[in-house]
Amino acid sequence: MKKIPPAPEALPHLELLTAPHWRDYELLDSGNGQKLERYGPYIFIRPEPQAVWRPRLHESRWREAHALFHATQEESGGHWEFNKPIESSWIMQYRQIKFRAQTTAGRHIGVFPEQAAHWDWMEAKIRSAARPIHVLNLFGYTGLASLVAAQAGAKVTHVDASKKAILWARDNQALSNLNDRPIRWIVDDALKFVLREGRRGGRYDGLILDPPKFGRGPKGEVWEFFKLMPALLQACRQILSEKPLFVILTAYAIRASALSLHYSLQETLAGYEGMLSSGELALVEHSGGRVISTAIFARWCSKD
């Protein structure tokens with residue numbers, strides 16, 4: 001007779017997080033495999049495979065877009081078609097953080113608006129900690145999470161493999177008038193950096209991880225999410241302080257459920273008392289209230 005495995009004691013409850021406090025960003029509409037977005041003064045059309053419905057706004061509103069991104073089959077491949085002139089870069093703001101936005105060779109603009117849900121949560125944790133907090137931001141991109149953490153009072157170490165991204169992040173630091181805050185900017189391969197920190201005895205109270213599906217380090221190191229993520233999380237365990245405050249793990253464009261991140265983070269933080277949650281980051285469409293999932297996440301915080 002086949003043995004029936006026991007039912008899990010508690011199934012994870014997946015959450016849907018949105019970012020309702022934006023003024024400089026709007027998901028205006030979506031449909032027919034595309035999304036219509038406002039980034040500051042400019043409107044863009046970008047691919048959105050999940051938008052298998054029809055747009056709510058009239059096509060005349062879509063024709064007002066300044067630019068359209070045409071995607072190809074390659075990862076992040078494609079090109080921009082500009083219908084109206086725009087500046088090479090422009091300033092946007094989220095609460096007190098200012099940053100430079102621009103169209104890139106890929107489809108990205110320099111900010112992932114849905115991440116603001118993490119920023120608000122992290123800021124509240126840092127401000128209520130009532131103790132010095134050291135945060136490590138891996139795959140930090142243009143530095144917005146690092147700036148939020150620094151503004152909240154944390155000491156921050158920001159790591160990214162791209163020198164261009166680091167320069168962009170430092171520019172954002174100046175725009176936000178945070179040059180006096182303790183942020184260490186490092187161009188390095190994330191896994192190599194964490195392994196060295198472990199050997200050096202570096203310890204962090206907060207970790208932010210936003211790894212890509214695929215990438216390359218500054219010396220050509222190859223990053224593959226499913227192959228190297230377990231090793232990175234194991235290495236991150238070694239650099240946690242005695243009383244870690246939070247860990248945020250986000251993943252884009254991978255074929256996995258939020259449950260993958262949930263159980264990975266649960267294993268990484270075994271023995272630490274805290275609360276673990278997981279789910280999806282999402283954007284809410286202004287035209288019809290439909291919700292587009294953009295990423296999966298898992299995050300943990302201490303009970304203190």
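Student: Why does Phe69 count as buried?

Tutor: The model is predicted: local features need pLDDT of at least 70, side-chain atom pairs count only at pLDDT 80 or more, and totals for chains, interfaces and linings use all residues. Residues are numbered from 1 along each chain as its sequence is written, and side-chain values use heavy atoms, with hydrogens and water left out. Buried means under 20% relative accessible area, exposed over 50%, and partly exposed in between, with a 1.4 Å probe and protein chains only. Phe69 has 2% relative accessibility, so Phe69 is buried.

Student: Why is Trp80 called buried?

Tutor: The relative accessible area of Trp80 is 12%, which is under 20%, so Trp80 is buried. Of the 304 residues of the chain, 51% count as buried.

Student: What makes Trp22 and Tyr94 a tilted pair?

Tutor: Rings of Phe, Tyr and Trp (its six-membered ring) pair if their centres lie within 6.5 Å; planes under 30 degrees apart count as stacked, over 60 as edge-to-face and the rest as tilted. The structure holds 19 aromatic pairs. For Trp22 and Tyr94 the centres are 4.7 Å apart and the planes stand at 55 degrees, so this pair is tilted. Trp22 lies in the loop between β1 (14-17) and β2 (25-31), and Tyr94 in strand β7 (residues 90-94), 72 residues apart. Strands here are DSSP runs (E, at least two residues) and helices likewise (H or I, at least four), numbered from the N terminus.

Student: How do you know that Trp22 and Tyr94 are buried?

Tutor: Trp22 has a relative accessible area of 11%, and Tyr94 has 3% relative accessibility. Both values are under 20%, so both residues count as buried.

Student: What makes the pair of Phe69 and Trp80 edge-to-face?

Tutor: The centres are 5.2 Å apart and the angle between the planes is 70 degrees. That angle is over 60, so the pair is edge-to-face. Phe69 sits in strand β5 (residues 67-71) and Trp80 in strand β6 (residues 78-82), eleven residues apart. Ring pairs link both residues into a cluster whose members also include Trp22, Tyr94 and Trp119.

Student: Why is the chain said to be as compact as a globular protein of its length?

Tutor: The secondary structure comes to seven helices and 17 strands. The radius of gyration, taken over C-alpha atoms, is set against the globule rule, 2.2 Å times the number of residues to the power 0.38. The chain has 20 Å, close to the 19 Å that the rule gives for 304 residues, so the chain is as compact as a globular protein of that length.
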